[in-house]
Amino acid sequence: MVSDRDRPRYSDAPNGGPLMAGSSSSTPLVALDGVVLDTETTGLDARSARIVQIGAVRVAGTKVLAELRFERLVNPGQPIPKATTQVHGISDADVKGAPSFAGIVDDLEAFIGNSIIVGHAVAYDLQVLEREYQRAGRAWRPPRALDVRALARTAAPTLAHYTLDQLCEWLSIEVKGRHSAIGDAELTARVFAALVPLLREQNVRTLAEAEAACRRLADVEARAVGGFAAAGASVEETVAPARVESFAYRHRVGDVMSAPATFAPPEATVRELLGLLLEKKVSSVFVSADGETGIVTERDALREIAAQGERGLDTRLHSIMRKPLQTVLESAFVYRAIARMQRLGIRHLGVRNLRGEIVGAVTPRNLLQSRAMSALALGDEVDEAEDSTALGRAWARLPAVARGLMAEDVDARSITAIISSEIRVLTRRAAQLAERRMEGEGHGRPPVPYAVLVLGSAGRGESLLAADQDNAIVYERGKEGGPEDRYFERLATYMCAILDEVGVPYCKGGVMAKNRAWRMSWEDWRATIEGWVRRQRPQDLLNVDIFYDGVPVHGQGTLGEELWNYAYERGQRARDFLVALTQVARERGSAFTLLGNLRLDEKRRIDLKKLGLLPIFGAARVLSIRHGVRARSTPERLRGVAARGAGSAAEIEAVVAAHGTIIGAMLGQQLADSEAGIPLSSRVAVDRLDGPHKKALREALRHVDTAIDLVSEGRL
């Protein structure tokens, strides 16, 4: 029997009100901040039962934080029936000196904070809690909750029974402390943690999807949890989209940086530095010494003079430069630069290109146009994340940011570029964590330089929220099956597993670096591209298509860039290859029926990727290869072709506009579906669109024919 404690054990979670959870619907289960709760009561009828004990433990995704627990006996104010004492072992004598529920409710709320409630047949516990709140004269707001029993039915629908004991037996969880509130809470927490990867196999990945599964599959007793989850609307449903200062999400670092980069010799003095700063009207210079680049700012110079007096003017820059230099890509969005400067507590960042060259600097002065620097929803958490749970929490922020930007009428393609940017950074961090794991297992550092590439829509900068993995690895040298390849196979397997846990699922088509077809040496990649161009088999054409969208995100980026450029050069010279790509781009179904209606499925949705986006970005890709337009995004490719005088500017702008309209419709649907717990897809419910948006979508889909016509052999 569990004895009462002088004070409950709990974390310093903020008080979110009476059991009011605040997690985002899009939070992956692997990153869920939950409290697993169980009660022992005077009886089984929730209408009259009183609480005699409450136990709760924290979970962070698949981690059971057993040391963070809440454990209290409660005086119910009435005798405990002997029959129930025989079950949980709690007698009138045990609770005689215990506080009433009203005396412990503040501590309970402090422990729960903004976490999601998790429990086995949790509807019963919540009904009992609601009545205790009413008796205590406290306001009750139904929390968001997940029922482990219903989730188990989703993960394993063929089990004979779903009692806590049977679930523990099925999952090989040792049963301890059964029929005490804290013991049952900890067992339920371990069951929940074990279910998370099994639910992922059933495409239940997020909080909203788990809630939807509970609503669909709960039986008569457990259906109440669906009522709690449905009656207690999610945060996104009850609160208007937060205003997001959109400048930092609309502009790239290259748009605002000070360029070109100002360098000073390492032997230059502080006196010479001050003259250079005045001449160039900058506040810092870069210094390269002993193979490493650092930075010296005007503040560094002033500190040196304050410390050394006049002698400080003769100090050499190499002795006071700060290194390693903190940098950001010129193609990164401004919000990433802001977040990095805030996290590191610095005022200057170097700006580098994909080749690693320093091309400029960015300071708070460059960023003044962003009026809400400290309130940006996305930050630098990914770069600091230590595990899948932390990565998942960062990834879960995206839908809220996307929703806020859409509310500000930010172009949908700018939002998809942000999503793509986060997928790239997420992939880079997953690779870094995989490297760390390899070292921890004794496999050492990478044997040769290598690069991780993100392919497909994230490479083009056009990812939506339903994106899956498309990635590849190129390493400097090594043979298939050799030590280098075996190293990178293991590393890629870890990297892809991390991404899948976080919420970027495995690619159904297998386009992942853990598979040999997407992991090879530079020479083998070059031979593979040559084979794609020469053989022109259907699968080859699909592979080469996605490869042309690739962008390096980790490692030695020049390996990826050189390979991408080689693919362009080789493809542009091969006429038969271009003809074959053109034929593939022209093969599509129509978005309209013979009667001119939109082609809808049984749920009155239309597949806008298959019937809209795919032919447009496919045509743009072929045109860019044909005309040597070295670009990745669809609008850049199309406008690059027009700039070369290779097509009608009016027609191309119409296709570009259609591309944006279709992406906007898909993004809006995915945001709605993520809230409802509906698996994200490329299908859009046309009936949810108002008249003007429906008309715009029909017009955009008509311009798919224009894109196909542009790419037709003989036109361009």
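This is a predicted model: local features need pLDDT of at least 70, side-chain atom pairs count only at pLDDT 80 or more; totals for chains, interfaces and linings use all residues.

Q: What is the strand order in the open sheet of three strands?
A: The order is β6-β7-β8, and the pairing is mixed.

Q: Which strands are the edge strands?
A: They are β6, residues 263-264, and β8, residues 292-297. Each of these pairs on one side only.

Q: In which sense do β6 and β7 pair, parallel or antiparallel?
A: They pair in the parallel sense, over two bridges, with β7 covering residues 284-289. Within this part of the sheet, Ala-264 stands opposite Val-287 of β7.

Q: What holds paired strands together in general?
A: Strands of a sheet pair through backbone hydrogen bonds.

Q: Which strands does helix α13 touch?
A: Helix α13, residues 270-280, packs on the sheet and touches β6, β7 and β8. Its direction makes about 130° with that of β7.

Q: Now the inside: how many cavities of 30 Å³ or more are found?
A: A search of the whole structure finds one. The space in the largest cavity is about 50 Å³.

Q: Which residues line the largest cavity?
A: The lining includes Pro-28, Leu-29 and Val-30, together with Val-196, Arg-200, Asp-500 and Glu-501.

Q: Which elements give two or more residues to that lining?
A: These are α7, residues 181-201, and α21, residues 483-502.

Q: And what is the lining of the largest cavity by class?
A: Five of its residues are nonpolar, one is polar and four are charged.

How values were computed: Residues are numbered from 1 along each chain as its sequence is written. Side-chain values use heavy atoms; hydrogens and water are left out. Two strands pair if DSSP finds at least two bridges between them. Helices (H or I, at least four residues) and strands (E, at least two) are DSSP runs, numbered from the N terminus. Contact means heavy atoms within 4.5 Å. Axes are lines fitted to C-alpha atoms, for helices over the stretch in contact, and angles run from 0 to 180 degrees between N-to-C directions. On a 1 Å grid over the protein atoms alone, a cavity is a set of points where a 1.4 Å probe fits but cannot get out, and a pocket is an open set with protein on both sides within 12 Å along at least five of seven lines; lining residues have an atom within 4 Å of a point. Grid points are joined across faces, edges and corners, and a volume is the space filled by probe spheres set on the points. Ala, Val, Leu, Ile, Met, Phe, Trp, Tyr, Cys and Pro count as nonpolar, Asp, Glu, Lys and Arg as charged, and the others, Gly among them, as polar.
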